[in-house]
Amino acid sequence: MPEQRDLRSGLTRRAFLGLVAGGGSAALLAGCEAPPAAPAAPTQATAAAPGGTPAASPATFLSAAEWERILAEAKREGTVTVYGAPIPDVRRAVTEGFERAHGIKLDYVIGPPGEIRQRNEQELAANRLTIDVHFSGVSEPDALNYLPQGRFESLSGKLTAAAADPAVWKGGRLKWVDNEGRYLLQTTDWVMTDLFANTRVIPANAIASWRDLLKPEYKGKIAAWDPRIPGPGIATGRYLLKTFGDQYARDLFLGQAVTLTRDVRQIAEWIAREVYPIGLGLDTTVERFRAEGFPVERVFPADGPGSVLGGWSVIRIFKGSIPHPNGAIVYVNWLLSKEGQEIYTRAIKEPSLRTDVGAEGIPAYLLPRSGVNYPDQYTEDWLSTVAPDLQKRWNDILGR
Amino acid sequence: MSLRAPLAVRYATRSTVAGLALLVVIGALVVVPIGVIVLGSVKAGRPIDPFSFTLEGWEMLLQSPKTLRSVVNSFFLVLRVPLALVVGLAMAWLLVRVRIPGHALIELGFWVAFFLPILPVTLGWVLVLDPNYGLLNEALEHLPFVTGPVFNIYSLLGIFWVHFTATTVPIMTVILAPVLRQFDSSLEESSRVCGSGPVRTARDITIPLIAPALLTALLAGLIRGMEAFEVERVLGVPSGIDVYSTRIYDLIRTEPAVWPGAMALGTLFLILLLALALLYQRYTARHTFATMGGRGTSFRPMVAGRWRYLASGACFLFLAVSLFVPLITLLTGSFMRLYGIFTIESPFTAEHWRTVLTDKLFASALTNTVALGLGVAILGLTVYSLVAYAIVRTRMPGRQLLSLLAWLPWGVPGILLGVGMLTLLLSSPLAIMYGTVGALVLALFVKEMPFATHMTKTAFGQVSAELEQAARTCGAGWFRAYRTIMLPLVSPTLVMLFVLVFLGTIRDIGTVVLLADPRSRPLSVLLLEFTLNGNLEEASVIGVIIAALAIIVAVGARRMGLRVEARSA
């Protein structure tokens, strides 16, 4: 059963934003001051907002007593099982950090998102969940299936003020993917790695506009992650289609004979080796080649700054009989804490939405620039309406 | 053999009960997952959705040029299997019957070649045959009459080549060598005494007698060839080549997932497999192929002239291609800062070995790998051999059906079988096992069943029934006859199957990802993690370790098998 929706669901987005702009936000934020560690008393603060907009209903933080009780229960449970980015550095850092902080064993499930989703769907149907917390990316099924079906546990009331104090989060608010601001909590925000070029072949300033890629001299020189297949290039593909339309997508991918791949290493190596000097939809695998001196640079055409997304950083708990319900809450709060975010973002090399966590070691091209209005691919509206339409159009353009 | 009437009745009743029990257990384990897939082909939505009839999947299958093209490509690529069967048989014959110089080393080489993980091996071939930077292409371009790249690894022929050299020929050789070992060479000697040359002897005596094994290997090779995924993903996608397995993956993993289309494609191949399995069954039912009789057996090698050195040279050359290139690239890659890139400053490092060996998961993953591999291989071989024995040696009702059922888990690709196994484990009394290592062992046991059962069946068929009958006449029960007569005589095949099941288990990723508890995950999960991130260097380290483990088990099992063989001789 879906949880009861709050007042906000009855308002249009525009009307709601108007209300907030009308003076509510500062007052709402005032109640959110929290101690650095566990809260001393029950605290109220702003809840979530779609795209970061403060919600009308305040969220209740866990009190110190509640937190202590949950922590003690979690220690009795002894373990928490989580799914997260299948990246060895992240797994190691997060596991060690959490176990050191709380003395609770962390079982980190490894697997590709598609397979894990399959497993989880069948476990949900049988009410035999084995994963306590999912800390991963979002995709259409989250918005089209799970949210409407009420499959997620509300995180509201499960967070400590120390972890979720809006004052320490970008824009003074938590960034929720879901419109209700209860279920899908995003912790990093970065600019998609849309376009790279090997500057030994393509001078950095040669691609000033996305339309430059249609020049005859670049025909057969571009490689891309297949925009129909989940992976780093799906966001790039959707951004290009949304921004420049179907004809551009056709002219680029078909007209310029773009070579497609579904292997993150292959595309990065192609650009580094100059097999294809231009690459669309890479991920930070490219950093390994840059670190060895390959002249591979992120290119920002003036007519399209790219979109922002949250990568693997969205926290959710599925509703049902998870094996370690208290351990799950402890893990979520640790992930949101300054320490948790420092450990996670340094390992995954993505900027945190926490303002007290620095961006040292994170490639500069991932950091959103102030004053730029990036489309956000991590919102319920995008996932439920925009993304399915774009996906269908890509399937039509490249064939299904 | 004559049994007194009451004993015969009791034996027949017991046999019927045992046979039916076996049929029910194997049937349940196999039919439920396969049923999920067949039903899924006419069901709208996801596997978990309530049933709603649709023919959308079949319509898509028949109307999508892309899907049809993928089927055609798959058929082209599996042509390597009959070709490899011929090459593998020739190699196995040279190794076992002729015992060419260096035969033991060559055979071990084929085992090692088959043990190497396929992704780094594929990338090793990319390094050699890439049209842009492939070492061989670059070398050939220095020739005066060559103007561009000679080879293109990103093509159907490229995929064909990698499979043919890296997996198909080595596995065919490895499979057929024990079959030839279980072959009384006096049959060949008789042929030669009658004036037949080696080729005629092979054509008229050897090949007809080992036909069931050849058919089993061919059928298994065709099915597994269809399911191959990794090489096709890396080499096929850049050139727009879809095959059956990548197509199913795309249909399931692209939003919105087209489950009916994927299930229909899976069902189509299941029908094809059933047709092939029925043909195979009809053929083997009409012929007897006992090659080891009660008059004793002889394993003397064939007399060969100087040409055996030439044959040995040819085998070493093939081995150099199928083993040397991938092994060198794999080993070198595990010590390189960036796999296959020599142009950077100080390209070599031991850092990846340190990273893997100091990973907190490594020790437990290694232990789990060995335990899981041995567990499934021991349990599997015990049950598979009993099933095979029941099919070949008893008159129990439904044994032909049992034989057919035993093929089914290979009738659909692993990605779909995993969905079926999940359904079985979550919605049946077996649910009590879900989330434990037992569920994983059971799933892997089902997955490894087809080839091991049928190969054991073939091996039992090579042993004349008179040997057991003699034992029974002397008062031995069936189990004693089975244990002391049959098992030792087919030990070369059992050893080979033990190693293959062990290897299949420790290399499995699809089933493990869906069913493994974090505490029981093996090394293959770490390999997957490194591969997903393009950390090929660390993946190569794990690949080397898995290959080394498999070799240790292969050598150990071989020694044990030889000891059993010697004791029974």
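Guide: Helices here are DSSP runs of H or I with at least four residues, and strands are runs of E with at least two, numbered from the N terminus. The expected span of a helix is 1.5 Å times one less than its number of residues. Helix H4 (residues 80-98) of chain B has 19 residues and reaches 25 Å from first C-alpha to last, close to the expected 27 Å. This is a predicted model: local features need pLDDT of at least 70, side-chain atom pairs need 80 or more, and totals for chains, interfaces and linings use all residues. Residues are numbered from 1 along each chain as its sequence is written, chains are lettered from A and ligands numbered from 1 in the order written, and side-chain values use heavy atoms, without hydrogens and water.

Visitor: Is H4(B) mostly covered or uncovered?

Guide: Buried means under 20% relative accessible area (1.4 Å probe, protein chains only). H4(B) is mostly covered, with 14 of its 19 residues buried. Just after H4(B), Arg99(B) has a positive phi of about 55 degrees.

Visitor: How many residues of chain A are in contact with chain B?

Guide: Contact means heavy atoms within 4.5 Å. By that rule, 56 residues of chain A are in contact with 63 residues of chain B.

Visitor: How many salt bridges cross the interface of chain A and chain B?

Guide: A salt bridge puts a side-chain nitrogen of Lys or Arg within 4 Å of a carboxyl oxygen of Asp or Glu. The rule finds 11 across this interface. One salt bridge joins the side chains of Asp263(A) and Arg233(B), at 3.4 Å from N to O.

Notes. Buried means under 20% relative accessible area, exposed over 50%, partly exposed in between (1.4 Å probe, protein chains only).
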